[in-house]
Amino acid sequence: MEYEISTGHNALERMLIDGSAEPMDLPLSLLEDITNCFSDDQQIGSGGFAVVYKGMVGNEIVAVKRLSRNMHESKFHKEAECLMKAKHKNIVRFLGYCSDTQGKIMDYEGKMVMADIRNWLLCFEYVPMHLMDLNGGSILR
Ligand SMILES: Nc1ncnc2c1ncn2[C@@H]1O[C@H](COP(=O)(O)OP(=O)(O)OP(=O)(O)O)[C@@H](O)[C@H]1O
């Protein structure tokens, strides 16, 4: 786990330096680590289907969008696939994604069952508040 986190840190740091690097798959452990386990004080906003957290990668900040577990898996797939292709100077840079399923034993109607806990996350470059287009909700660089 430690190795996974430090390798992920290095890869994200390299990516932030190299503006032409392609978005990549990111381990959940790394995204948990840089957002302090998605703590409330790291929260920077929320939208219709997601809560967005600030993540620290070295001295750099990234935005980690945690999508609602209620959304359909295919919506997450479509969003990630579109973001992989979307490269434009006026579109916030997409750094990577995480699709992770954890098995957790839970009480369901009085029975202990193994439930699949889905984690869908998207990671972007951080855009300071004053550069946001607040009217459309979209983000400009
Ligand atoms: N890359 C980013 N850098 C900084 N803050 C961000 C970034 N992405 C999102 N945010 C913050 O999180 C909030 C919610 O982002 P999100 O993209 O989910 O909202 P939205 O555009 O309203 O989405 P939706 O249309 O899905 O409801 C934004 O309004 C903004 O404050």
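Start by selecting the shell around the ligand: by class, it has ten nonpolar, five polar and one charged residues. (Ala, Val, Leu, Ile, Met, Phe, Trp, Tyr, Cys and Pro count as nonpolar, Asp, Glu, Lys and Arg as charged, and the others, Gly among them, as polar.) Before going on, note that this is a predicted model, where local features need pLDDT of at least 70, side-chain atom pairs count only at pLDDT 80 or more, and totals for chains, interfaces and linings use all residues. Residue numbers start from 1 along each chain as its sequence is written.

Now pick out Gly-45, Gly-47, Gly-48, Val-52 and Ala-63, which come nearest of the 16 residues around the ligand. (Near means a C-beta atom, placed from the backbone, within 6 Å of the molecule or strand.)

Which strand gives the most to this shell? That's S2, with three residues. (Strands are DSSP runs of E, at least two residues, and helices are runs of H or I, at least four, numbered from the N terminus.)

Next, colour the open sheet: its six strands have the order S1-S5-S6-S4-S3-S2, with mixed pairing. Strands S1 (24-25) and S2 (43-46) stand at the edges with a single partner strand each, so one side of each has no neighbour in the sheet. (Two strands pair if DSSP finds at least two bridges between them.)

Go to S1: two bridges join S1 to S5 (residues 94-108), and the two run parallel. Select Asp-25 and you'll find Tyr-97 in S5 opposite.

Finally, show the whole chain, with its three helices and six strands. The C-alpha trace spans about 50 × 40 × 30 Å along its principal axes.
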